[in-house]
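Reader: I'm new to this one and would like a close look at a single part. Could you walk me through the core?

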Amino acid sequence: MRSEISSVPGTPQRPNEDWASVAVPASGQGGTLVVLDGVTPPLDDDGCVHSVPWFTARLGGALTELSGSRPDLTMAEILSEAIRRTADAHRDTCDLSHVRTPQATVVVARWDAESVEYLVLADSVLLLRSPEGAVRAVLDDRLDRLPPGSLASHAVTDATVRNREGGFFTAAADPSVAARAVTGSVPSAEVRALVAMTDGATRWTEVFKRGDWADCFAVVSEEGPRGLISRVRELEASPSYAYRWKRHDDATVVHVEL
């Protein structure tokens, strides 16, 4: 197995709120990857005394440990337990019912000699490439299916579609959200490599339309994760770029060859 990770903050003035890890078991057989994109809260109170990086480190650490040590648990069960552990770590000091309590998008993959299992929640992306070169994208497309106007402002989003039926879901403090994730598995023989990305990197395909997911995977394979992020940053620097919330977002790419 060979892996490479690159994670770049959107701006030097703010800490990177993404999280990424790759782990292999002591036996050397199989492995796991975890990618989280912490959701930046508005400037007003979010009910929590902790930062988003604190939250993603806690959740990411729990996901990495559980996905590597508990083969008896499904991907959804692993996410549910990781959310519970993280919530318990600050339940006594913070208002976990707040709509903007720290939260994150999630990609988790786990593989062994038989299968590659995966889970995706919200708008981070997992790409699977077959030995023949075909690329399959695993997406949670709820954000693309939101009612018109539901992303008009933070207030509207929080009141109408964030972690609500008919809207979209992120990993926050409710373990039951794990049942909303996109999950599945494929035989290991059908997967040669994986790429997991936060939406700061997927902009190359989803926002700037410079190629499809197979083209995006090819950039990562040829130029590495940092190469894709550099391409995104160049496109974002254009004066014609009409961005909604942020010109530059935290961008993380993990590339694993099995």
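**Around Leu 59**

Let's start with Leu 59, which touches Leu 36, Ala 82, Ile 83, Thr 86 and Ala 171, leaving aside residues up to four places away in sequence; contact here means heavy atoms within 4.5 Å. By the way, this is a predicted model, where local features need pLDDT of at least 70 and side-chain atom pairs count only at pLDDT 80 or more, while totals for chains, interfaces and linings use all residues. Residues are numbered from 1 along each chain as its sequence is written, and side-chain values use heavy atoms, with hydrogens and water left out.

Leu 59 belongs to the largest nonpolar core, which has 23 residues. A nonpolar core is a set of buried Ala, Val, Leu, Ile, Met, Phe, Trp, Tyr and Cys residues joined through side-chain atoms within 4.5 Å, and buried means under 20% relative accessible area (1.4 Å probe, protein chains only). The members that touch the most others are Leu 36, Leu 59, Leu 63, Leu 79, Val 106, Leu 121 and Ala 171.

Where do this core's residues come from? At least two each are supplied by β3, α1 (52-69), α2 (75-90), β4 (104-111) and β5 (115-121). Helices (H or I, at least four residues) and strands (E, at least two) are DSSP runs, numbered from the N terminus.

There's also a second, separate core of 21 residues, with Val 8, Val 125, Phe 208 and Ala 251 among them.

Terms used: Buried means under 20% relative accessible area, exposed over 50%, partly exposed in between (1.4 Å probe, protein chains only).
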